[in-house]
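This report walks through selected local features of one protein chain. Have the sequence and the structure open while reading.

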Amino acid sequence: MDPRTRAAVDWLLTGDEPGIRGQTRRDLLDEPVGEDVMKGLKVNALLDAGLGGDPYRKWTGAHWRLVALAELGVPPGEPRVLEVADHVLSWLTTGCREPVVIGGLVRQHASIEGNALAASCRMGLAGDPRARRLAGSLMSWQWPDGGWNCDERATGRRSSFHETLPAMWGLHEYALATGDRNGAKAAARAAELLLEHRLFRSLSAGEVVHRAWLAPHYPPYWHYDILQALLVLSRMGLAGDPRAADALDELERRRLRDGRWRAGGRWWNPPGRAYAQDVVDWGRAGPNEMITLNALRVLRAAGRL
């Protein structure tokens, strides 16, 4: 391990959130987690926010908090986390989320089902009938190009990367947990769509589709960026695909001299703000723990560390 990476890993290991420390040991040092993740301040803030209100309320609703808990490495079977997952799954499968079909294509916010499915599978609920229903819906909504889209005005020629990435993650986690071949094929089709675009380039001239996609964010919520795309691709064993090279180069270009990364933008505000607040402070200034952890995971999976 080179000195810059070693320094970044040591910094992550001195943080105050056991879930981040444990995942650093597991994913970057091949060591046991060795942490009680449930004692984390962020984990408990996410759980203490309760189950009242709109599960999709940005960014304090139960839906978003479930995803954050999964990404902090909460182990499967924890009763308080299962309560959150149960609430989210029931919300998604008993409401009136009937898809809109235009031109033979489903126009649906598939990122909602995708994120919920991924987090629920991480919590050990892949065998729950409601999780199977989410997976089945995502597979039936997939567009011919391999992605998903909610835009009722879209021509059908191209899917939305924002909707596609969480759906891809959800189906990958579902297939990983259940062995479902159709789920794995659907996730692979979505990955091919992203890789075909080298994660951020147009097919016609190769220009950057949206410059905001190049900047790392945490949490990404439903937004697409290349770090989150690389992270999910790495979980699928695809970070080393040659077509991911441009995105990996950009990620390395954004690395600080001390080996860490800072956020290139934020979709959230700290607790107490009137607008777009989260229930925890993920770090707004200086190097960011989750972005640094995810970037190092990706580079390691791609053979660049």
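At 11% relative accessibility, glutamine 228 falls under the 20% cut-off and therefore counts as buried. The model is a predicted one. Glutamine 228 sits in helix 10. Beyond its sequence neighbours within four places, glutamine 228 is in contact with Glu71, Leu165 and Pro220.

**The cavity**

How many cavities of 30 Å³ or more does a search of the whole structure find? The search finds one. The largest cavity holds about 220 Å³ of space. Its lining counts 23 residues, and the closest to the centre are Val67, Asn115, Pro219, Pro220 and Tyr221.

Three helices each supply at least two lining residues: helix 4 (62–71), helix 8 (161–178) and helix 10 (226–235). Helix 4 gives the largest share, with five residues. What is the make-up of the lining by class? There are 16 nonpolar residues, four polar ones and three charged ones.

The peptide bond from tyrosine 218 to proline 219 is cis, with omega near -10°. Proline 219 belongs to the loop between helix 9 (181–196) and helix 10.

**Backbone exceptions**

Most residues other than glycine have a negative phi, and most peptide bonds are trans. The table collects backbone angles that depart from this pattern.

| Site | Backbone feature | Value |
|---|---|---|
| Lysine 58 to tryptophan 59 | cis peptide bond | omega near -10° |
| Tyrosine 218 to proline 219 | cis peptide bond | omega near -10° |
| Arginine 198 | positive phi, not a glycine | about 50° |
| Alanine 276 | positive phi, not a glycine | near 55° |

Where do these sites lie? Tryptophan 59 is in the loop between helix 3 and helix 4. Arginine 198 is in the loop between helix 9 and helix 10. Alanine 276 is in the loop between helix 11 (245–253) and helix 12.

Accessibility can be given for two of them. Arginine 198 has a relative accessible area of 33%, so it is partly exposed. Alanine 276 has 14%, so it is buried.

**Helix 3**

Helix 3 spans residues 41–48, and its residues Lys42, Val43, Leu46 and Leu47 are buried. Why do these residues lie on the same side of helix 3? They do because they cover an arc of only 135° around the axis. The other side of helix 3 carries Leu41 and Asp48, which are exposed.

What covers the buried residues? The cover includes helix 4, helix 5 (79–94) and helix 12. Just after helix 3 comes glycine 50, with a positive phi of about 80°.

**Threonine 292**

Helix 12 runs over residues 289–301 and contains threonine 292. Threonine 292 has a relative accessible area of 0%, so it is buried. Which residues does threonine 292 touch, not counting those up to four places away in sequence? They are Ala8, Trp11, Leu12, Arg260 and Trp261.

Two of these contacts can be described further. Threonine 292 and arginine 260 are 32 residues apart along the chain, and their C-alpha atoms are separated by 5.5 Å. The side chain of threonine 292 also reaches the backbone nitrogen of tryptophan 261, at 3.1 Å.

**Aspartate 145**

Aspartate 145 lies in the loop between helix 7 (129–141) and helix 8. Is this residue buried or exposed? Aspartate 145 is buried, because its relative accessible area of 16% is under 20%.

With serine 159 the distance is 2.5 Å. With arginine 158 the distance is 3.5 Å. Leaving out residues up to four places away in sequence, aspartate 145 touches Arg157, Arg158, Ser159, Arg189 and Leu193.

Definitions and conventions: Residues are numbered from 1 along each chain as its sequence is written. This is a predicted model: local features need pLDDT of at least 70, side-chain atom pairs count only at pLDDT 80 or more; totals for chains, interfaces and linings use all residues. Side-chain values use heavy atoms; hydrogens and water are left out. Helices (H or I, at least four residues) and strands (E, at least two) are DSSP runs, numbered from the N terminus. Buried means under 20% relative accessible area, exposed over 50%, partly exposed in between (1.4 Å probe, protein chains only). Contact means heavy atoms within 4.5 Å. A polar contact is a pair of N or O atoms within 3.5 Å; within protein, one must be able to donate a hydrogen and the other to accept it, and residues adjacent in sequence count only if both atoms are side-chain atoms. On a 1 Å grid over the protein atoms alone, a cavity is a set of points where a 1.4 Å probe fits but cannot get out, and a pocket is an open set with protein on both sides within 12 Å along at least five of seven lines; lining residues have an atom within 4 Å of a point. Grid points are joined across faces, edges and corners, and a volume is the space filled by probe spheres set on the points. Ala, Val, Leu, Ile, Met, Phe, Trp, Tyr, Cys and Pro count as nonpolar, Asp, Glu, Lys and Arg as charged, and the others, Gly among them, as polar. The arc is that of the directions from the helix axis to the C-beta atoms.
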